[in-house]
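Hello,

Here is the structure I promised to pass on. Please open it alongside this message.

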Amino acid sequence: MNDNISGWNTWSTAIEDWTDVSISELHGFMTGLMTACHAPSEQEWATVLAELSFAPLPDAALTLLTEEAEDTVFQLKDKDDAYAYTPLVPDDDHDLYERVMALKQWANGFMTGFGVSDCRLTGEENEMLMDLAKIGGIRLEEDEAYEGGEESYLYIYEFARMVPVSFATRKRKPVKELALISGLAMDAKTTKELQAEGKLPKPMPPVMDAMNQNNPS
């Protein structure tokens with residue numbers, strides 16, 4: 001699938017000025033969350049991202065994320081449709097290093113997205129996430145050949161792709177029930193906004209900072 005068909009180019013344009021995490025990591029985060037939750041509104045997305053200490057997404061990117069989440073939930077609700085799901089990574093015209101790093105970032109994003117859902121795991125699901133964490137932990141220098149080359153990449157890509165497929169038919173809950181934002185009004189000011197206005201006596205740490213590390217290695 002090329003970059004135009006996959007949406008890679010569309011996403012690249014939409015978030016070119018937003019650098020908190022990579023395209024693939026944001027897409028993985030969205031997918032992980034959508035295996036456990038109903039599709040959020042734009043305001044709910046903005047609240048979730050703000051509580052994770054991200055800078056606000058540009059309007060076009062926020063709309064794109066919201067629409068993509070709706071499509072992903074719809075796709076993953078059906079077992080047959082779910083098999084067509086694909087992680088958002090660069091196509092084969094990009095060098096192998098870039099694709100491996102994008103898949104690594106997608107895997108980390110998925111684990112964070114599912115992690116904030118605070119859902120219980122079956123034994124099989126736990127094993128799958130442990131293996132996905134190995135993809136998220138890949139260490140590779142830009143001038144270093146990826147062990148196993150294209151064949152190995154295709155293997156880990158297919159494994160990563162099947163994780164959301166395997167999680168597809170889980171019972172979902174509203175995003176507003178997440179512990180991350182539970183009790184917050186959807187138009188409530190974020191911690192960072194309250195700090196900036198001097199309405200908090202001391203700085204408060206973000207609820208979760210796991211995705212705020214865009215590790216290029």
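Below is what I found in it, from the whole chain down to single residues.

Please keep in mind that this is a predicted model.

The overall picture comes first. The chain has 10 helices and 0 strands. Read along the sequence, the pattern is α-α-α-α-α-α-α-α-α-α. There are 217 residues, and 46% of them count as buried. Take the contacts with a separation of 6 or more: 79% of them join residues 24 or more positions apart. The accessible surface comes to about 11,300 Å², and carbon and sulfur atoms hold 50% of that.

Next, the core. In soluble globular proteins, nonpolar side chains tend to be buried together. Here the largest nonpolar core has 60 residues. Trp 45, Leu 57 and Leu 132 touch the most other members. The elements giving two or more residues to this core are H2 (8-14), H3 (23-34), H4 (42-51), H5 (59-76), H7 (96-115), H8 (123-136) and H9 (149-166). The largest share, 9 residues, comes from H7.

Trp 45 deserves a look. What does Trp 45 contact, leaving aside its neighbours within four places in sequence? The list is Phe 29, Met 30, Leu 33, Met 34, Pro 40, Leu 62, Leu 65, Thr 66 and Ala 69.

Now helix H7. Of its 20 residues, 15 are buried, so H7 is mostly covered. At 1.5 Å a residue, H7 should span 28 Å. The C-alpha atoms at its ends are 28 Å apart, which agrees. At the start of H7, a side-chain oxygen of Asp 95 comes to within 3.3 Å of the backbone nitrogen of Tyr 97.

Then Arg 161, which sits in helix H9. Is Arg 161 buried or exposed? Its relative accessible area is 11%, and the cut-off for buried is under 20%, so Arg 161 is buried. Setting aside neighbours within four places in sequence, Arg 161 is in contact with Tyr 83, Ala 84, Tyr 85, Thr 86 and Pro 87.

Last, the cysteines. The count of disulfides is 0. Cys 37 is in none, and the nearest cysteine sulfur to it, that of Cys 119, is 6.4 Å away. Cys 37 is buried, with a relative accessible area of 0%. Cys 119 counts as partly exposed, at 22%.

Best wishes

Key:
Residues numbered from 1 in each chain as written. Predicted model: local features only at pLDDT ≥ 70, side-chain atom pairs only at ≥ 80, totals over all residues. Heavy atoms only, no water. Core = buried A, V, L, I, M, F, W, Y, C linked by side-chain atoms within 4.5 Å. Buried < 20%, exposed > 50% of the residue type's maximum accessible area, 1.4 Å probe, protein only. Helix = DSSP H or I, 4+ residues; strand = E, 2+ residues; numbered from the N terminus. Contact = heavy atoms within 4.5 Å. Expected span 1.5 Å × (residues − 1). Polar contact = N/O pair within 3.5 Å; in protein donor to acceptor, adjacent residues only side chain to side chain. Disulfide = S-S within 2.5 Å. Areas by Shrake-Rupley, 256 points an atom, 1.4 Å probe, with all protein chains shown as cover.
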